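I opened the notebook to go through this structure piece by piece. These entries record what I looked up.

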Amino acid sequence: MVETTRKQILILGGGFAGLSAAMELDKTLARDPDVEVTVVNRENFFLFTPMLHEVAASDLDLTTIVNPARKLLRRVKFFAGEVREIDLEKRQVVVAHGFDHHTHALGYDYLVLGLGSTTNFYGLPGLEERALTMKSLSDAMRLRNHLIAHLEEAASECCEVKTPLLTFVVAGGGFAGVETIAGINDFVRGALKTYPNLREDMLRVVLVHPGPVILPELGDKLGAYARRKLAERGVEIRVNTKVTGVTERSVELSDGTQLFTNTLIWTAGTSPNSLLRDLPSQKERGRVAVNEYLEVCDWKNVWALGDCAAIPNAKVGGFHPPTAQHALRQGKTLAHNIVAAVRGGKRKAFEFSTIGQLAAIGRRTGVANILGMNFSGFLAWWLWRTIYLSKLPRFEKKVRVALDWTLDLVFSKDLVQFLEIKSSAASKTDSTEQSQVMAKRAAGE
């Protein structure tokens with residue numbers, strides 16, 4: 001191997017935070033022939049997660065909300081692999097890739113931790129084994145296939161027990177949970193036109209939320225508006241209620257209710273990436289503690305940002321929230337500080353206040369709080385689509401999404417079931433086949 005004296009900058013994670021930093025460095029430091037910047041990410045694409053529920057609800061094609069990482073980065077190198085180990089003392093990261101998952105040790109001079117978060121199941125019985133999640137593109141496709149499989153099975157003449165097949169439960173009344181249940185409620189109710197054996201009164205769509213108001217980030221007024229609109233569209237909302245357990249055919253709630261269903265979509269909790277657990281650094285509820293410059297405490301030339309970092313908020317106290325708009329700004333600030341560390345210069349402290357928060361609640365309706373002003377109804381929905389479309393990377397993807405949205409105004413939703421979608425390359429059992437097996441069991445076959 002040829003020795004190199006180039007400074008190695010390694011960015012772990014290609015989400016909003018990590019990719020934002022990489023794209024800034026692509027325009028600045030990556031031009032330097034003495035510097036090599038590398039992004040490591042499990043998928044070779046950037047997923048625009050705010051539109052994930054629209055893929056599950058068949059509003060958008062799955063390819064429209066993903067961007068190939070290599071098309072976003074011209075000078076920054078990209079490595080498609082999974083991070084297995086981080087050794088801060090030896091300054092190296094072990095990554096695995098390929099069909100045989102062979103490993104490499106990547107050395108670095110400067111390290112960025114942008115590993116994001118994972119779903120937290122809180123150790124609830126049966127939850128991790130049976131619940132569906134909404135964190136990845138495969139999750140959205142799995143949910144879409146699951147919904148269609150259950151509609152197909154319930155519509156069959158030999159199906160006598162339809163309740164578990166047509167009862168859909170979402171746990172968590174935050175942004176992800178509300179947008180997911182709004183999307184799937186519109187999807188399954190709209191699909192009934194294609195299934196003459198099914199009636200709308202057979203459907204049961206339930207949102208379970210542990211707090212008194214859904215969408216608590218937007219305040220009581222907008223939360224109450226969203227609850228009222230969803231209820232008008234047939235969504236049953238249970239507040240001050242938690243999921244306590246999941247069996248093969250039911251979901252158990254804290255109020256003693258047992259919902260007979262094959263479908264629980266879990267959006268009620270996240271945890272920092274498990275790789276951070278063993279790092280010899282200060283933590284704050286599992287997240288890596290950093291200073292105002294995004295530097296990991298006690299480790300020189302190591303930074304952290306995004307969901308995996310606890311970033312102090314000097315203005316209001318506490319920590320900055322793990323949202324996409326914060327992650328994008330963190331990436332730009334971090335890139336500036338890396339340039340300062342490599343070339344010399346003044347560091348910049350991260351400062352940012354939330355501009356606004358928006359949620360789509362189905363049927364061209366939304367809720368939003370922007371610069372302290374509340375919006376609801378069609379205007380909020382239009383703002384949601386306009387703002388997020390503007391944030392979607394690359395003009396090509398903006399055009400594709402806009403075209404899909406336009407066609408959606410004219411044509412009905414697509415009910416094609418993709419039987420070959422796998423959750424991972426190593427998966428031996430198709431997720432849709434698993435859904436069908438569960439459906440047949442519930443129907444007593």
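Where is the place of valine 410? I found valine 410 in the loop between helix H10 (395-408) and helix H11 (431-442). I am working with a predicted model.

I looked up an open sheet of five strands and wrote down the order S11-S18-S12-S13-S14, with parallel pairing. Strand S11 (132-133) and strand S14 (235-238) stand at the edges; each has a single partner strand, so one side of each is left without a neighbour in the sheet. For S14 I checked the pairing with strand S13 (residues 204-208), which is parallel and runs over four bridges. In that pairing, valine 205 stands opposite valine 235 of S14.

Next entry: threonine 365. I located threonine 365 in the loop between strand S24 (356-360) and strand S25 (366-370). Threonine 365 has a relative accessible area of 7%, under the 20% cut-off, and is therefore buried. Which residues does threonine 365 touch, not counting residues up to four places away in sequence? I listed Tyr225, Arg233, Ala360, Gly377 and Trp381. With arginine 233 there is also a polar contact between the side chains, at 2.8 Å.

Next entry: salt bridges. I have a count of 17. One of them joins the side chains of arginine 385 and glutamate 54, at 3.6 Å from N to O. Arginine 385 lies in helix H9 (residues 378-391) and glutamate 54 in helix H2 (residues 52-56), so this pair ties together parts that are 331 residues apart in sequence. I noted that arginine 385 is buried, at 11% relative accessible area, and that glutamate 54 is buried too, at 4%.

I looked at lysine 229 and glutamate 232 next, whose side chains meet in a salt bridge of 3.9 Å, N to O. Both lie in helix H7 (residues 220-232), three residues apart, about one turn of the helix. Lysine 229 is partly exposed at 23% relative accessibility, while glutamate 232 is exposed at 54%.

Arginine 347 forms a salt bridge with glutamate 295, with the closest N and O atoms 2.9 Å apart. I noted arginine 347 as partly exposed, at 39% relative accessible area.

Last entry: I recorded a network of salt bridges that links Arg204, Glu236, Arg238 and Asp255.

How values were computed. Residues are numbered from 1 along each chain as its sequence is written. This is a predicted model: local features need pLDDT of at least 70, side-chain atom pairs count only at pLDDT 80 or more; totals for chains, interfaces and linings use all residues. Side-chain values use heavy atoms; hydrogens and water are left out. Helices (H or I, at least four residues) and strands (E, at least two) are DSSP runs, numbered from the N terminus. Two strands pair if DSSP finds at least two bridges between them. Buried means under 20% relative accessible area, exposed over 50%, partly exposed in between (1.4 Å probe, protein chains only). A polar contact is a pair of N or O atoms within 3.5 Å; within protein, one must be able to donate a hydrogen and the other to accept it, and residues adjacent in sequence count only if both atoms are side-chain atoms. Contact means heavy atoms within 4.5 Å. A salt bridge is a side-chain nitrogen of Lys or Arg within 4 Å of a carboxyl oxygen of Asp or Glu.
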